[in-house]
Amino acid sequence: MSTLHVLSHSPFGDDRLTSCLRLIGSADALLLSGDAVYALQTGTAPFTALQNRQINVFALAEDAQARAIEVPDWAEAIDYPAFVELSIHHDKVNSWL
Amino acid sequence: MNSMTVGARAIELDKDGFLVDLSDWSAEVASALAAAEAIELTAEHWEVLELLRSFYAEFQLSPATRPLIKYTALKLGPDKGNSLHLNRLFKGTPAKLAAKLAGLPKPTNCL
Amino acid sequence: MAKSLLIISRQSPWSGPGAREALDIVLAGGAFDLPIGLLFLDDGVLQLAAGQNAKALQQKDLSANLQALPMFGVEELFYCADSASTRGIGNLSLDEAQPLAAEQITALIDRYDQVITL
């Protein structure tokens with residue numbers, strides 16, 4: 001069983017990312033959308049936390065571009081059709097509302 | 001706004017006939033509400049109304065049908081805590097009608 | 001067979017409608033007899049603190065409502081042990097809730113067909 005965790009809040013001043021990283025399983029994946037892509041800001045604590053966890057990280061390309069965030073090579077920038085495929089590929093989606 | 005006169009008092013009701021101010025409830029108000037539904041309250045009705053009032057005092061919400069049946073079975077035994085008995089007493093909609101007569105808010109999860 | 005649903009409630013009881021909305025989903029699911037579980041995570045564990053007084057803020061008593069969960073057929077109640085200890089919550093108002101460590105929560109999420117985090 002695998003879960004796609006979807007985050008959309010900025011990791012600064014919000015503990016969703018921290019909590020998610022505590023619970024995420026090794027077969028799970030993480031998708032960053034909206035302000036959650038700020039977690040990929042080079043050199044920040046969320047960036048390091050993500051880099052150190054050997055999990056699959058995806059980011060919505062347009063949300064990253066809009067925010068001048070460069071998606072690092074250990075993560076994958078995807079578009080909406082790829083987001084849909086990713087959702088289908090996993091047994092369930094957990095959106096951290 | 002609906003209202004109902006009990007004794008010398010006018011009691012305010014919402015559009016579905018539930019008490020607007022829950023503290024208006026009394027045994028006479030319950031009997032008057034029941035009369036409006038063409039029900040004459042018997043001892044069997046009263047024990048369910050009292051049960052509902054204790055459910056509300058304990059949990060601060062009105063039970064949906066299943067929890068009402070479960071709670072009744074727990075407190076009064078399975079002979080009374082079943083849908084047949086409760087439906088017979090309260091015209092087939094025990095959660096909604098009994099809550100109304102017991103002076104509880106309308107159950108939000110009443111399905 | 002109905003799909004099983006896990007609700008993860010992670011808002012404090014006094015911060016806004018999140019805690020109440022999570023509970024409403026669970027109560028509605030229970031009334032439909034759905035296989036449903038409820039996990040208190042992060043600030044959500046604050047909902048379980050004993051001795052809260054809703055009257056002080058003239059609000060509805062969420063902790064009293066939580067006691068009704070078993071009556072609504074919701075027996076699978078869990079809380080994150082780390083979240084509780086971080087927040088100094090030792091005395092819980094809901095006896096039925098079981099503490100889980102992080103890796104047990106991962107396994108819990110795996111067990112359900114669907115998950116909603118509020």
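Domain bounds are taken from an automatic or database domain assignment. This is a predicted model, in which local features need pLDDT of at least 70, side-chain atom pairs count only at pLDDT 80 or more, and totals for chains, interfaces and linings use all residues. Residues are numbered from 1 along each chain as its sequence is written, while chains are lettered from A and ligands numbered from 1 in the order in which they are written.

**View 1. The two domains of chain B.** Domain 1 of chain B spans 2-37, and domain 2 spans 43-102. Their C-alpha centres are 19 Å apart. Six residues of domain 1 of chain B are in contact (C-beta atoms, placed from the backbone, within 7 Å) with four residues of domain 2 of chain B. On the domain 1 side, four of the residues are nonpolar, one is polar and one is charged. Here Ala, Val, Leu, Ile, Met, Phe, Trp, Tyr, Cys and Pro count as nonpolar, Asp, Glu, Lys and Arg as charged, and the others, Gly among them, as polar.

**View 2. A helix crossing in chain B.** Helix 2 (residues 43-59) and helix 5 (residues 94-101) of chain B have axes that come within 9 Å and cross at roughly 85°. Helix 2 of chain B is therefore roughly perpendicular to helix 5 of chain B (65 to 115 degrees; under 35 is roughly parallel, over 145 roughly antiparallel, the rest oblique). Axes are lines fitted to C-alpha atoms, for helices over the stretch in contact, and angles run from 0 to 180 degrees between N-to-C directions. Helices (H or I, at least four residues) and strands (E, at least two) are DSSP runs, numbered from the N terminus. From helix 2 of chain B come B:Val48, B:Leu49 and B:Leu52; they meet B:Ala98, B:Ala99 and B:Leu101 of helix 5 of chain B. This contact holds six nonpolar residues, no polar and no charged.

**View 3. The sheet of chain C.** Five strands form an open sheet in chain C, ordered 4-3-2-1-5, with parallel pairing (at least two DSSP bridges between two strands). Strand 4 (98-100) and strand 5 (114-117) of chain C are at the edges with a single partner strand each, so one side of each has no neighbour in the sheet. The twist averages 25° from one strand to the next. Strand 1 (residues 5-9) and strand 2 (residues 36-40) of chain C run parallel and are joined by five bridges. C:Ile8 has C:Leu39 as its bridge partner in strand 2 of chain C.

**View 4. Helices on the sheet of chain C.** Helix 1 (residues 18-31) of chain C packs on the sheet and touches strand 1, strand 2 and strand 5 of chain C. The direction of helix 1 makes about 160° with that of strand 1 of chain C. Helix 4 (residues 102-111) of chain C also packs on the sheet, touching strand 1, strand 2, strand 3 (76-80), strand 4 and strand 5 of chain C. The direction of helix 4 makes about 105° with that of strand 4 of chain C.

**View 5. Where the chains meet.** Chains B and C make the most contacts among the two pairs of chains that touch. Their contact takes 14 residues from chain C and 12 residues from chain B. Helix 1 and helix 2 (62-67) of chain C each supply at least two residues of the chain C side. That side has eight nonpolar, three polar and three charged residues. Chain A puts 12 residues in contact with 12 residues of chain C. Helix 1 (16-23) and strand 5 (92-95) of chain A each supply at least two residues on the chain A side. No contact joins chain A and chain B; their closest C-alpha atoms lie 23 Å apart.
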